[in-house]
Amino acid sequence: MSDTSSTVVSKAMKASCEAVYGAFTDPDALAAWLPPGSMHGIVHDFDGREGGSLRMSLVYPEDEGLPRGKTLDNIDTFDVRFVALVPASKIVWAVRFESDDPAYAGEMLMTTTMEPAGSGSQITIACDDIPRGIRPEDNETGCRSTLNKLASFLGG
């Protein structure tokens with residue numbers, strides 16, 4: 001039995017594939033829309049080229065109470081290596097969570113594809129090799145929330 005799992009989520013958006021790609025390659029935009037739910041984002045480092053990297057923290061709201069973070073009680077920090085950046089088509093991230101807990105160890109592959117659909121686009125996020133400490137249903141919920149926030153950020 002594998003220690004990892006996979007998920008796929010998809011959403012139709014009014015935004016063009018070019019606009020979606022732009023939101024993935026702008027660190028200020030990433031900080032605004034990438035954090036799921038009521039979390040907020042902090043981009044620590046961004047080298048937006050194939051082979052480059054992203055270091056980011058997702059911060060849980062203080063009023064949430066229970067510690068849930070992978071890195072600290074209320075923070076998930078992760079490093080991304082940009083495996084592929086194909087403008088307006090595909091982005092592949094190799095993601096490593098910063099955590100002392102071995103359940104979050106390993107490299108998760110996150111592939112985002114953008115396809116024209118009517119006057120907008122169809123965006124799909126596939127996550128493979130999700131660390132065993134992350135329940136697949138939680139990953140799926142987080143990705144859906146992120147796609148909804150991306151759609152809102154881009155105007156629908």
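**Figure 1. Helix α3 lies across strands β1, β6 and β7 in this predicted model.** The helix runs at about 20° to β1. Helix α3 covers residues 136–153, 18 residues in all, and spans 25 Å from its first C-alpha to its last, close to the 26 Å expected at 1.5 Å a residue. Look for its buried residues: N139, G142, C143, S145, T146, L147, L150 and A151. The elements that cover them include β1 (5–13), β6 (108–117) and β7 (120–130), along with helices α1 (17–24) and α2 (27–33). In an α-helix there are 3.6 residues a turn, so residues three or four places apart point the same way. After the helix comes G155, with a positive phi near 90°.

Figure 2. Is F153 buried, exposed or partly exposed? Its relative accessibility is 41%, so F153 counts as partly exposed. Setting aside neighbours within four places in sequence, F153 touches A23, A29, A32 and W33.

**Figure 3. Seven strands make an open antiparallel sheet.** Reading across, the order is β1-β7-β6-β5-β4-β3-β2. Strands β1 and β2 (40–46) stand at the edges with a single partner each, so one side of each has no neighbour in the sheet. Neighbouring strands are turned by 25° against each other on average, direction ignored.

**Figure 4. Ring pairs link F24, W33, F46, F82 and W93 into a cluster.** The whole structure holds 5 aromatic pairs. One of them joins F24 and W93 edge-to-face, with 5.9 Å centre to centre and 70° between the planes. Because F24 lies in helix α1 and W93 in strand β5, this pair ties together parts 69 residues apart in sequence. Both F24 and W93 are buried. Another edge-to-face pair is F46 with F82, at 5.7 Å centre to centre and 70° between the planes. F46 sits in strand β2 and F82 in strand β4, so the pair connects parts 36 residues apart in sequence. How accessible are the two partners? F46 is partly exposed at 23% relative accessible area, whereas F82, at 2%, counts as buried.

How values were computed:
Residues are numbered from 1 along each chain as its sequence is written. This is a predicted model: local features need pLDDT of at least 70, side-chain atom pairs count only at pLDDT 80 or more; totals for chains, interfaces and linings use all residues. Side-chain values use heavy atoms; hydrogens and water are left out. Helices (H or I, at least four residues) and strands (E, at least two) are DSSP runs, numbered from the N terminus. The expected span of a helix is 1.5 Å times one less than its number of residues. Buried means under 20% relative accessible area, exposed over 50%, partly exposed in between (1.4 Å probe, protein chains only). Contact means heavy atoms within 4.5 Å. Two strands pair if DSSP finds at least two bridges between them. Axes are lines fitted to C-alpha atoms, for helices over the stretch in contact, and angles run from 0 to 180 degrees between N-to-C directions. Rings of Phe, Tyr and Trp (its six-membered ring) pair if their centres lie within 6.5 Å; planes under 30 degrees apart count as stacked, over 60 as edge-to-face and the rest as tilted.
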